[in-house]
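Here are some notes to read alongside the model, written for someone meeting it for the first time. Please keep the structure open as you go through the points.

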Amino acid sequence: MNIDTMLAHGGRDPGKYHGMVNPPVCRTSTVIFDSVASYEASRKEKFSSLRYGRHGTFTAFELQDLVAQLEGGYRSVVVPSGLAAISASLSAFTSTGDHILVPDSVYGPTRDFCDNVLKKNGVEVTYYRSDIGAGITELFCRDTKVVYCESPGSLTIDMQDVPVIARAAHNRGIVVIADNTWATPYFFKPFENGIDVSIHAATKYIVGHSDVMAGMITTDTEHWLQLRNTIASYGYCVSADDCYLALRGLRTLGVRLKQHFTSALDIGRWLARHPEVSRVLYPALESDPGHELWKRDMTGACGLLSIELKPCPKTSVDRFINSLRLFGIGSSWGGYESLVLPVHPEKYRTVTPLEYEGPLVRLHIGLEDADDLRTDLEQALEMIERK
Ligand SMILES: *Cc1c(COP(=O)(O)O)cnc(C)c1O
């Protein structure tokens, strides 16, 4: 089955819900059983039967089933945010005395979790350059338990050679955990590329409408119970209403992502030629250093890119951003609307020398008309005064 068909037919079962096209929003804490025997039987199927609200209801189960199918994994679990998915996954596969490897271009709050929580709990964290490839083996030590990937990385959108890193890790029995939020299940197949535990900030494209916080974690069979038991111990659960919205968002993931990709590529190409722009960080562009890896491993790109402006003072960058009318100034991305933020990767890098001469601005290209977005960018770029 192709992914567009899965998006339309997965995660629902009219036969099970009196013919209703969509699964119901099942709000409940308590589930009542008709006998002690059936109550006890429900405990045996730990994470797939309806037994208590915290472990999920049918709405969560359908969402989880669809995401596992899209990812090509064994099973998925929904958690309250993308960051919760990251912290729970890293906690599930590490303990005191372990060592983990994390890319230097990792999402900022992931780095904060490593530095503030994992290190405090006695886990040693080494950051590696995102272009390390097979060189990762030189950083392995006896206690290395996890290699974490995020490809492409946050703010600088730099690609990693995930299959090569995963192969090296598996040769040493190391677990590979990856944040695949940018590529989405639509453009990247984590398990075919060697990832054991795949994370999505569902808040972004899975939900797709900027109205729910959620995270998803999918694993292969080998890593499922260790992950799922940890989630259960933390008590993470997501309301049926939010699961419903995520499931509803997924129905249009394909059509949305195709449009984000077309518009972002179009605008990215135009920006790359603009006199106020030094470069565009977007691996779908031939000029991007990660283009070959992107072409090999992914089937498309989302709407998130960064641009390096020609050197200019902060007042000019602020004027450019403030002049945009269709791009909202705000955190997150992956919704239908365009967004913009000034970004400062130098605050979060410890091993990669950054060679940007001008300021970086991150754009999320939404589902508005691409010509309207370009016109808006054009008038705002005119507000920049170099010197
Ligand atoms: C936004 C984001 C997250 C965190 O997701 P939340 O739902 O905001 O917690 C994690 N990883 C990446 C790459 C993100 O962009």
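1. A definition to begin with: axes are lines fitted to C-alpha atoms, for helices over the stretch in contact, and angles run from 0 to 180 degrees between N-to-C directions. Helices (H or I, at least four residues) and strands (E, at least two) are DSSP runs, numbered from the N terminus. This is a predicted model, in which local features need pLDDT of at least 70 and side-chain atom pairs count only at pLDDT 80 or more, while totals for chains, interfaces and linings use all residues. Residues are numbered from 1 along each chain as its sequence is written, and side-chain values use heavy atoms, with hydrogens and water left out.

2. Let us start with helix 3 (residues 58–71) and helix 9 (residues 240–250), whose axes come within 8 Å and cross at roughly 35 degrees. The crossing is left-handed (the near helix is turned anticlockwise from the far one by less than a right angle; clockwise would be right-handed). In contact here (heavy atoms within 4.5 Å) are T59, A60, E62, L63, L66, V67 and L70 of helix 3 with A240, C243, Y244, A246, L247 and L250 of helix 9. By class, these are 11 nonpolar, 1 polar and 1 charged residues. Ala, Val, Leu, Ile, Met, Phe, Trp, Tyr, Cys and Pro count as nonpolar, Asp, Glu, Lys and Arg as charged, and the others, Gly among them, as polar.

3. Next, please look at helix 4 (residues 82–92) and helix 8: their axes come within 9 Å and cross at roughly 120 degrees. This crossing is right-handed. From helix 4, A88, S89, S91 and A92 meet Q226, L227, T230, I231 and Y234 of helix 8. The residues of this contact divide into 5 nonpolar, 4 polar and no charged.

4. Helix 8 (residues 221–234) also holds R228. Is R228 buried or exposed? R228 is buried (under 20% relative accessible area; exposed is over 50% and partly exposed in between, with a 1.4 Å probe and protein chains only). Leaving aside neighbours within four places in sequence, R228 is in contact with F47, H55 and V77.

5. In helix 6 (residues 162–171), the residues V162, P163, I165, A166, A168 and A169 are buried. Their cover includes strand 3 (124–128), strand 4 (144–150), strand 5 (175–179) and helix 11 (291–297). After helix 6 comes G173, with a positive phi near 70 degrees.

6. How many salt bridges does the structure hold? There are 18. One of them joins D266 and R374 (2.7 Å, N to O). D266 lies in helix 10 (residues 253–272) and R374 in helix 13 (residues 370–381), so this pair ties together parts that are 108 residues apart in sequence. D266 is partly exposed, at 32% relative accessible area.

7. E292 is exposed, with a relative accessible area of 55%. R296 pairs with D297 in a salt bridge, the closest N and O atoms being 2.7 Å apart. R296 is partly exposed at 46%, whereas D297 is buried at 11%. Shared partners join D161, R296 and D297 into one network of salt bridges.

Notes:
Lys and Arg count as positive and Asp and Glu as negative; His and the chain ends are not counted. A salt bridge is a side-chain nitrogen of Lys or Arg within 4 Å of a carboxyl oxygen of Asp or Glu.
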